[in-house]
Every structure is written in structure tokens, then in C-alpha cells.
Amino acid sequence: MRKNRTFKAVSLVVVVAFIFTVLAGCASQAPAEKPAVKKPIKIGMSICFTGTAAEKGQPIGQGELDAWKYINEELGGINGNKIEIVWYDTAYNAAIATTNVKKLMDDGCLFFTIVSSADATASKEAANKAGFPGLVIFSSPSLTNPPGRLYSQLPDYGDDWAAFCNYYLKNIWKGTGKPKMALAILSNSTGYGVRDAARVAADDLGIDIVTVEEHKTTTISEIDALTRIKAKNPDVLFIGSTPAPTSVILKNAYELKLTPGMTIACGHAGFTKALIDLAGKDISDGIYGVFPTVNWGDDVKGMPKMNEYCTANHKQYVGNNDYLCGWTASLINAEIIRQALKNSSLDVLAKGDATAWKIAEEKGFRMVKGYDVEGLHGPVDFSDPVDRRGSKSVKVFQIKNGEMTALTGWIDAPYIKYQ
Amino acid sequence: MSLPCGTRNYSYATDIAIIRTKTQWVMFIAFLLLIFSFPFYFPRFWLDVMNLIGITIIAIIGLNILVGYCGQLSIGHAGFMAVGAYTTAILTANFQIPFLLALLLSGIAAGLIGLLFGVPSMRVKGFYLAITTIAAQFIIIWIINHWTDVTKGSMGLGVDAASIGPLSFDSEASQYFLIISITALCVLFATNLARSRAGRAFIAVRDNDLAAEVMGINVFSYKLLAFFLGCFFAGIAGSLFAQWRGHITPEDFTFQQSILYIGILIIGGLGTSIGPIIGVVFIRLLEQFVTLLAPLVERSFPDIPSGFATGLSPMVFGLVMVVFLVLEPRGLAHRWNLFKASYRMWPFSY
Amino acid sequence: MEQLIQYTITGLAVGMIYALIALGFALIWKSSRVANLALGQLVLISSWFTYGMLVQARFPIWLGIILTVIFAIFLGWAIERFTLRPLIGQPALSLIAVTLGLGYFLEGIVVVAWPISVAKLPQIFPNEPVYIGSAVISQEYLWAAGISLALFVLLSLFFKYHKMGIAMRATADDQLAVQACAVPINRIFSLSWIFACIVAAIGGVLISSIGGITNALIETGFKSFSVVILGGMDSFLGCMVAGPLIGLLENVGAGYLTAIIGPGIKDLIPFVIIILVMLIKPYGLFGEERIERI
């Protein structure tokens, strides 16, 4: 009997909570009818704070939110207008990511930002159909090919690979003929992005892909894959993966005495501070990496402010370049709004309806030309009708004594034509 | 108490009717009106959530036939959905096959693949059978990832919104009508299936397959039939999912989802026709609830540490699941039946 | 030939780690017929706890490990007491769904308590590789293999000779009969969860000292699924044979098939083998065959 009563009580609480959320969901609709006093512009975010990709979603998401805190509280908003932030967690669940976009549209957001390529893929068609523009932080080729409403902040994993190939051919490769390259990739869109790019562009770049090996995020030994790679005797190994599996590969390569000796490079998903922690200073020494932003602590204009906010609010992410990507995404958001405000009025944009979205895209996104993102990553330009990548440049780094040292300035990441 | 007080069976027709009394008719029509009027007062977000609920209900109905009625544990349902989704994507884009036909073919394709992985059920039972369905999940997704000429691998395939003749279902509201109608048909089919000869055979196989065999039921062919039907529904759900989403990739059909589907079915109630519906509505709404909860908590309490609000979502989700199961281990459908019985008896408690 | 030796050694060593995680699964199945879907999350949370003790609180390694084991004991007790005990006598599938909910809950706790989301444990084992002929193996794997072997021996002896162990086996066989013999089955379930959590914690420390602590540990838990089923759900010996067997097949199979079929075949091999084994021996390699009566 007691259990029965508990059940009733719990069900009642849950039902009330449901009704409450439904009302909360509709509430954002209701005030839109009345002439509001002065409605702020709303910006949406869909972030994978939890779930499998939380290791990326947490620092990026907190970086985004911290940057907005800085813009709203310290700079007093954009042209004096405070911006309201609406965010939802996708839990790295494709179904939730899809419904999140609709929620952001219903909430009257002007445009939205999304972190991971998997979540963005799930949101892509919804955004395209409704004409709701979005900025993707870590993008993949399928999102912007053919061009739709999504814009990517940084070059994607395939572009990393192409940029490194160019650098390698110019600066490291001393032999004759085509260099032999092996790929060790993660068996999801992070790794397959590299594979797909290599399929399309390897011949044009003058690279001979001798073997492709896949691994999972859970891997604890890649000795077997490296043994096969060793048998093909490649000149260079490119790893397209996240930090933990990359560190396993580096350790195993060291055990198999591939390093020192073979050139190894990593794509930007795996080339973070966590990699050096996980693999250790000695083993990661000399590894090349491609990353689309400056290094943490570099002397650029936006660095001190970001460092200050990160230290104050999220000490654990100091030195984490993912946080930097999130921070810069918000700076770009702010620039888009600035452009849109220049070409339209606050009242129109604050409505957050289909007209506002169209203006946000045409007068906001497309007007961003050569924005320097306070020096934190390559200049952003969304004016190209086909190439929807904001920043088109990366830097090549090398790990020396446990530090990532930039070897180049901004080098161009070539645009790969998939169709 | 399966019937309201004072209802008696005078003919076979009344005995097998699903809706028995005038009150039930009134309530049924009111329910239909309510369901079909949703698009007029719900914003697109909630409509979309309901579209997702409808699609998931179809998938779980299939799982219920397989696990709930026939007792064959399957932990690869998302994989079979992927078969349906990709069949629709390929057929409609490459061969211009009309949507309804593609929907049917997707179901059949998924069903046939299901048959293939159902063959080990001849010898293997229970959790040992689960591994073959887990294998199905991984093998299907692996093939989609590597057969890039057809599936485009991780790039995924674009799918046009469904259209039947001149009707095109490209808005949330029209999607809602399409999905809810098909869901209703599936619910009706599954309800009737459970009461048919095949349904009773399934239950016999589930309860004791040796006894069923002795009674003259061909256990193996009924197990295969259950696999076919279960995966057929998964294929239908996958097909609807593909045209609802507009773009599918292998990452939409993960192993974690297959496990969640089993969880949804158990919470709803195995082997009942109402169970899958209650379970799906409960879990999908709970998912949205925790998603909306996290930013709300952070806004209301700005001083809490940053990870707290985001960590709250999975915590609340898990906790509610545990609490409901602890309080009602036989599924919410069982509680629903108790509730029905109690209001039919009211005000007398016996 | 050189490659074959390398594949064999790596495969066996990695397989021993799979076996260790699988032991935690078999422990609970053996005494209570519950499939623990939260295994990966248990591995994850105990790895983070170890990180908290060793890195954040800066305890020495021996103390940190002891505290982790105490934490695992508490975790096991709490899980059994608050989520599974109320469900004794209910359908087995409901118990399984409870562990699913538990998994989400534990994942949430990890996000709240350790929002860092990726970290490295301090060096517990020396990482200098050992060379056997031309083949190489890292010492971490050897330690892990040794520890899982030791745990296997301990658990087997316990189940074979200790009074409680015998009672646990009896419970798995027939709950009602055991209750009639006045065996406290509450305590038996509690104990089996405590053991399972300890094994998961040790497995977590070993795995994360090799590959770092990330959310991927959750999926590692699923990996053990195939090991236990191949071995037979209720057999420790099955786990200890099936683990290395799967590791071996994965590595050797991938070694020679990747060139023919394509990259990524490694992940499919165990499943194909298991389906084949199931068709010949439906209760796994060492599982107990149940004689069915009507």
C-alpha cells in the first residue's frame, strides 16, 4: 500500500514537471504576440555537454558561454545591446540535436551555433528547410557541400590533412617521387573525414596513400595496426583521431621503434594539450600537428582577456585549445550581429522569425569579411558563395619538450571539391 | 477486470471488438480529435517531438513483437532501423520510387535482414541470442560505413520529405499527420496480431518453447516470423525517420540507442499493446524535460559550478528511470491496467 | 612469422584485460541472473575516483588504490541496497533496465564531479617495453594480465571453497530453495555487487593507465559483452579463456584480413566468430547447459 502511495506521489511530481516544461516551451511563444518593451536579440546554442563527445563539448561550450559573459558584461553588449543566450545540451544524441534546433527556432533565436559535426549533421536539414542559419565549430564536408544554411567556423578534418600534405611536401620530404603515407583514423566522422578527403585529393596533392587503418575510441592497443603499417614502410603517418586513441598509437609506435624516425602528424581533433599529458613528454616529442587556432598563451590581441576569463571561471580548461575554439565562436557570433545591426534594425532582428533569419544570413554572415577574431585564429570570411568555411587557414605545430611550437604562420588549407 | 462493469459478450463480433461500449467510443473519438488537433496549438518544436515519438513507437512496437510476445531478446534494433532508413534513402533518390512503395520495401528489406540474423534462434536462447542481434547492429553499421559507393559512408545521404501524389509532407504539421496516421495503423495491426493465431503462438513460444512444440507449434518458423515482423516495423520506423530528418548518417543508429529501446520497452511494459506507447511517450518526454532543465537550472542558480547543470540532465534521466522501475517493475502498462480496474470499480473497492 | 608472433602476444595481453572487465559482468550474472548494463559507467566512475585520489588529492599510490577499493565497496553496496534490492523477485528484464538507468545516473555524477572530461592517471606501472624476440609488449599489459589472472584465481577459489561462495552459486541455481535453507540472499546479492564493483574499479585503473580516462570507457564495458557470452555467462574460466581468445582472433584476424577486406574488419571478427560458436555450442564455451523440462 505504501509503495502505491509513493508511486502516485512520484507520478504526480513527474506529470507536474512535464506540464511545466510544456508550458515553458510554449511560454516563449506567448510574449511574441504583445509588443515587447525592447526585446533583446537571442542567440541559440546546441552543445554536446554530455555524452560520448563531452570531452570536446564541455570546454567548447564553457568557452562560448564565457565569451558571451565578457561581451555582455564587460563590453556592455553589441552597440549597447545585450544579447540573450539560449542553450541546450544535445547529449551527443542525434534525435535530441534535431529537436533542439526546432526549439531554438521557436525560441526566436536569430541564428545558432553547434559544436560537433555529428550533431550538426542531425540539424542540417531542419535548418536548411526553415532557412535558419547556423555556425558549426567542428565541421565536416557534408555540412557545407552543397552549400546550405550552415557555415563552418574552421577548416574541417580533411582540410587539416591536405594542409599538412602541402607543408610536408614543401618542407620535410627530401626523397624523390611521391611520398608514401599511412592513415590511422578513428572509425567515425572525425576519421572518415580524413579518409574521404584523401580519396578525392591525394593524387592531386602528389601523395601516395599506402594503407588506411581504423580504430575505435575505446582502443587500448594499436600494435597490430602499426605492425601492418610498418610492413608497408611509409614515410609519414597521419593520425585522424581524438587525444586518447592518438596517445595509444604514439606509445605503440614508440614501442615498435617506429619513432624516432618516422614522421607522424595529427589532425586537429587529437592535437590538444591532453595528447601531451596522455602520451607523455618523451613519446610525443617531435610529433607534428595541425591546428586551426593559435597556441594558448601566444602573444595576440585577444589572448589576455580569454586567459583572464578562463582562469577565473574554468581553471581546468586553461591551455585547452578547444576552449579557445568556443571562445572565438562567440566572437564571430558577435561580429555577425554587429554586421547585421549595421544593415538592419534591432527591432527586426529581435523578432527572430524567418525574415530576421534571412537578414541574419544575408546581411550578417555574408558581410563578415576578413574579420581577424582578435588574432586567435585565421581571418574569417563568409562572403564566398561556395566555400562556406569561415577561417581557411591552419598552422603546423610540432611538439618540442612538451610544448606545442608553431612552425608556420597561417598556411592555406586548400578547398577540397567533393562533388 | 478487462471489461467495464455490466458488459457481456453475446456474439463473437462483440467479443473480439476492441471498442466495446458507447463511452469507449466517445472517449476514443475525443482522443482522436485531441491527437489530430495538436498542430493547431502546439509550436513546431513540440510537434517535432511528437513526430519523433510516433516514429519511436513504431520501432518499439516491432521490438515488442520480438521481445515482449515472442521472448527473443534483440539488442540491435537501431541497426534494423538503419536498414529501413537507407533503403528509403537509396530507393527514393536513385530510383524515383514513390514514398509509400519505398516505405513498404524498406520494411521488407529490414525484415529480410532480420530473418537472416534470426536463424541462430533455432538453437540459441535468451542472452546468448542477444549477441547475434548485437552482432547485427555492428555488422550493419560497419557495412554502411564502408560501402561508400552506395551509402556515402559517414557523409550520409540526403532524403526528400515524403510525398504521396500531389501531397508533400514538408512542414512539421503535415509530417505530424503522416507519422501519426501510420503509427495508428501500426498500433492497430500489432494489437490485432497479438490476438491472432500467430500472436498466441508467439506467447506460447515465449512462455515455454518446449511445451509449445509439443502442442504442435512450429517453434522455429514462428520465431523467424517474429524476427521478420519485428524488423519490418523497425524498417518502417527507419524509413519514416529518414524522410523526417532529411539527412541520415550511420551515427543516427548507435548501439546505445538499441539498448535504450530495450529500456523503453521494459519501462512501458513487455507483451502489452499499450506498453510501447506509454514507454516511448514517457522516455522521449523525459529526454526533452532534462534537456530543457539544465539551462533553466543554470539561469535560476547562477552561482553553481558550471558542470553541475549539464551533469544534472543524465542524472535526472537515470534517476527517474530507476525510481519508476523500482516502484513499478512490471512496466507502466501494468500500472495503467490497475488504474483502469480501480476506476471501473469505483466507488466499490471489490 | 615475426608478425604472427607480435599479433599473438598483443592479442593475448589485450584479451586478458577484456577478460578482467568480463569477470565483473559474470560475477553478477552468476549470483543473480542480472545483466549489468552499467558496467562501463562503473569502470568510468572508479577511474575518475582514482584520478581524484591520486592527482587532485595527491595521495600516494598505495593509499589511493586502497581508497578506490573502499569506494568501490561502498558503491556496490549502495547500488544493490537502493536499486536492486527492492526488485528481488521481479522479472529479470526489469532488473536489467534498472542497471541501464543506473548507468545514466553514474554518467551524470561523473560530469558533475569531474568536468575535465579527459585525463591521465599518474604512472602506476613502469612503461618500458619488454622485447620477446622480435616482438614487443608494454609492461602495463603484462601487469594487467597478471592482475586479472590473480583475481580469477582468487574468485574461483572463493566460489569453490568459501561458504559464502558456495551459497552464491546455490542462489544462482535456485533462489527459492536457497531461501528455504535460510541463506540470507540479500547479503549474497550485496556481496556480488561489491565484488563486481571492485573488479570494475581494478579494471578501470588498468585500462585508464594505458589509454587515459575518457567517456570511451563506457563502451569498453560493452566490449566485455561478447567475451562473457562467448565464454558462457556464468563461467569465470569461460571469461579467462574467451577474453584472450577474442583478443587473439581480433589481432591475428585483422593482421591478415585487413589487406583483403578493408580497414576496420578488426571490430567485426569477434562477432562473426561468436555467431559461429553459438551455432555449435549454444551455451558458450564453458556455460552451464540447462536441461529443460516442460
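**View 1. Domains of chain A.** The domain assignment divides chain A into domain 1, residues 37-155 + 299-388, and domain 2, residues 157-291 + 396-412. The model shown here and in the other views is predicted. Taken over C-alpha atoms, the centres of domain 1 and domain 2 of chain A are separated by 30 Å. Between them, 10 residues of domain 1 of chain A are in contact with 11 residues of domain 2 of chain A. On the domain 1 side, the elements of chain A that give two or more residues are α4 and α13 (321-343). By class, this side of domain 1 of chain A has three nonpolar residues, six polar and one charged.

**View 2. Contact of chain A with chain B.** Here 45 residues of chain A are in contact with 36 residues of chain B. On the chain A side, two or more residues come from each of α1 (2-27), β2 (83-89), α3 (94-106), α4 (117-130), α5 (141-144) and α7 (189-205) of chain A. The largest share of this side is that of α1(A), with 12 residues. The side of chain A that touches chain B consists of 20 nonpolar, 16 polar and nine charged residues.

**View 3. Contact of chain B with chain C.** In this interface 41 residues of chain B meet 42 residues of chain C. The chain B elements that give two or more residues to the side touching chain C are α6 (126-146), α10 (209-214), α12 (255-268) and α14 (306-327). Of these, α14(B) gives the largest share, 16 residues. The side of chain B that touches chain C divides into 29 nonpolar residues, 10 polar and two charged.

**View 4. Packing of two helices within chain B.** Helix α4 (residues 77-94) of chain B packs against helix α11 (residues 219-245) of chain B at an angle of about 55°, and their axes are 6 Å apart. Because of this angle, α4(B) is oblique to α11(B). The crossing of α4(B) past α11(B) is right-handed. From α4(B), the residues that make the contact include B:His77, B:Phe80, B:Met81, B:Val83 and B:Thr87. From α11(B), they include B:Cys231, B:Ile236, B:Ser239, B:Phe241 and B:Gln243.

Terms used: Residues numbered from 1 in each chain as written. Chains lettered and ligands numbered in written order. Predicted model: local features only at pLDDT ≥ 70, side-chain atom pairs only at ≥ 80, totals over all residues. Contact = placed C-beta atoms within 7 Å. Helix = DSSP H or I, 4+ residues; strand = E, 2+ residues; numbered from the N terminus. Nonpolar A, V, L, I, M, F, W, Y, C, P; charged D, E, K, R; others polar. Axes fitted to C-alpha atoms, helices over the stretch in contact; angles between N-to-C directions. Parallel < 35°, antiparallel > 145°, perpendicular 65-115°, else oblique. Left-handed = near helix turned anticlockwise from the far one by under 90°. Domains from an automatic or database assignment.
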